[in-house]
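Subject: Handing over the model

Hi,

Here is the structure I said I would pass on. Have a look at it first, and my notes follow below.

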Amino acid sequence: MSIALVTHPDYVKHQTGPGHPERPERMRAISAAVEASGLQEHLAQITPEPVDADVLERVHHRSYIDRVKNLAVEGGGHLDPDTVVSALSFDVARLAAGGALRAVSSVMEEHRAAFAVVRPPGHHARPSQGMGFCLFNNVAVAAAEARERYGLRRISIVDWDVHHGNGTQEMFYRDRSVLYMSTHQEYWYPGTGSIDEHGEGEGEGFTLNIPLPAGTGDEGYRLVFEEIVLPVLDAFAPQLLLISAGYDAHADDPLGGMVLTRAGFRRLAELLVTSAGRHEARLAAVLEGGYHLAHLGRSVVATLEAFTGGTALNGETDEPHSELPYQQVATRVRAIRSAARNYWNI
Ligand SMILES: [Zn+2]
C-alpha cells in the first residue's frame, strides 16, 4: 500500500517553444527534487499508457480531439497565443490524460494515494477548446472514467492551482456526481470562477468557487480549507478525492500573486489526506501549473511528504512571506460559507 508516483519520460516531448513557462524542464525539476528527497522507498513508480480518443470523448468533443491531432500531424501550431501543439503533442497529451487515469486505477485497485506528475496540464481545457497551456483535461478525463469503470457516484475535485479551472467546471457544471471546488486568485486568468458560478440544474451547488485576494498565504488557505473545503467534503462524503494540484500559488511563482510556501502546500495536502481517510475515499493528485522550477519540485515533494507521512531529506523551509491580514481572508470565508449553506449543511 505504498504511494504511486505516475510519470513518463515522454512528457518532455511536448514542446512549447523558447521562453514558455510551461516547459519540459518542469518535469526534470520535479524528478530531481523527488530523487533528492529520499522519499522513493515509499513510492511505487508507475509508467502510464496513452488514452484512446474514445476515452477523451467522455469530456471532449470529437471535432476538437481531431483538431489537435491534425495540428500535430501537420507539424504543430497554436490553439491560442499561449497554447502550443507541437508535432508530438497529441500523443503526449493523450499520455498526460493516461497518467491521470492510471493514478485513479492505482488508488482504486492497490495504492493508498497517487500523484500523477504529467504535462501538458489540463484544467483550462474546455470540451472543444484548449487554452491556458492545456490540451486535454486530464483530471476530468480521470473523473469521468472513474465513474464509468468503477461506477463511482460521488467524486470530488479540489483544485488549488492559482487559476480557476474553467474547463473542469464547465465539464461537470450540470452534474451532481462530481463536486468541483476551486481556490484561485480573484480577477486573474481566465476570469471565471466567481462565487455566483455554483452549478446548474442537477448540478446546482456541486460547483463551489472560492476566489481569494492576491496575497493569501499559508494561514489564509488553511482557514479556507478548514472552514469551507473540509466541511463540504464531509457533507458530500466522496468516494474518490482528486486534487488538481497546481503550484503556481507559491509565493515565488512568476504567474501568480499568492504567497503559499511549501509548508503551506504540505498542510493543505495533509488536510485532504485526513478528509479522504474519514470518508474512506481514494486520493489522487494530478499536476496542473507551477512555473518556478525549484519551488515546483520542492512543493510536489511537500505534497508527497503528506501522502507518505515521511519527511524529505531536503526539508529546509521557504523564506517567510508576509501574507494578507488574516481578517481580510476571514471576511471572504464567511461570505462564501454563508453562500454555500444554500446547498450544504456546514
Ligand atoms: Zn495555474
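Helix α9 is largely enclosed by the rest of the structure, because 14 of its 16 residues are buried. Buried here means 20 or more other C-beta atoms within 10 Å of a residue's own; 12 or fewer makes a residue exposed, anything in between is partly exposed, and the C-beta atoms are placed from the backbone. Helices (H or I, at least four residues) and strands (E, at least two) are DSSP runs, numbered from the N terminus. α9 covers residues 293-308 and reaches 23 Å from its first C-alpha to its last, close to the 22 Å expected at 1.5 Å a residue; that expected span is 1.5 Å times one less than the number of residues. Just after α9, G309 takes a positive phi of about 75°.

Before you go further: this is a predicted model, so local features need pLDDT of at least 70 and side-chain atom pairs count only at pLDDT 80 or more, while totals for chains, interfaces and linings use all residues. Numbering starts from 1 along each chain as its sequence is written.

Next, a helix pair. α3 (residues 62-73) and α4 (residues 89-109) pack at about 135°, with their axes 8 Å apart. The axes are lines fitted to C-alpha atoms, for helices over the stretch in contact, and angles run from 0 to 180 degrees between N-to-C directions. The two helices are therefore oblique to each other; under 35 degrees would be roughly parallel, over 145 roughly antiparallel, 65 to 115 roughly perpendicular, and the rest is oblique. On the α3 side V68, K69 and A72 meet S89, F90 and A93 of α4, where contact means C-beta atoms, placed from the backbone, within 7 Å. Those residues divide into four nonpolar, one polar and one charged. (Nonpolar: Ala, Val, Leu, Ile, Met, Phe, Trp, Tyr, Cys and Pro; charged: Asp, Glu, Lys and Arg; polar: the others, Gly among them.)

Now the core. The largest nonpolar core has 111 residues, and A103, A116, V141 and V286 touch the most other members. α4 gives the largest share of this core, 11 residues. A nonpolar core is a set of buried Ala, Val, Leu, Ile, Met, Phe, Trp, Tyr and Cys residues joined through C-beta atoms within 7 Å. Leaving aside neighbours within four places in sequence, V286 has contacts that include A100, A103, A116, N138 and L242.

Most residues other than glycine have a negative phi, and most peptide bonds are trans. R119 and P120 are joined by a cis bond with omega about 0°, and P120 sits in the loop between β5 (113-116) and α5 (138-150). The bond from Y189 to P190 is also cis, omega near 0°, with P190 in the loop between β7 (178-185) and β8 (207-212). Y187, in the loop between β7 and β8, has a positive phi near 55° and counts as exposed, with 11 C-beta neighbours inside 10 Å. A237 is not a glycine but has a positive phi of about 55°; you will find A237 between α7 (218-236) and β9 (240-245).

Finally, which residues does C134 contact, leaving aside neighbours within four places in sequence? They are T83, P120, P121, G122, H123, H124, A125 and G167. C134 lies in the loop between β5 and α5 and is buried, with 29 other C-beta atoms within 10 Å.

Cheers

Definitions and conventions. Two residues are in contact if their C-beta atoms, placed from the backbone, lie within 7 Å.
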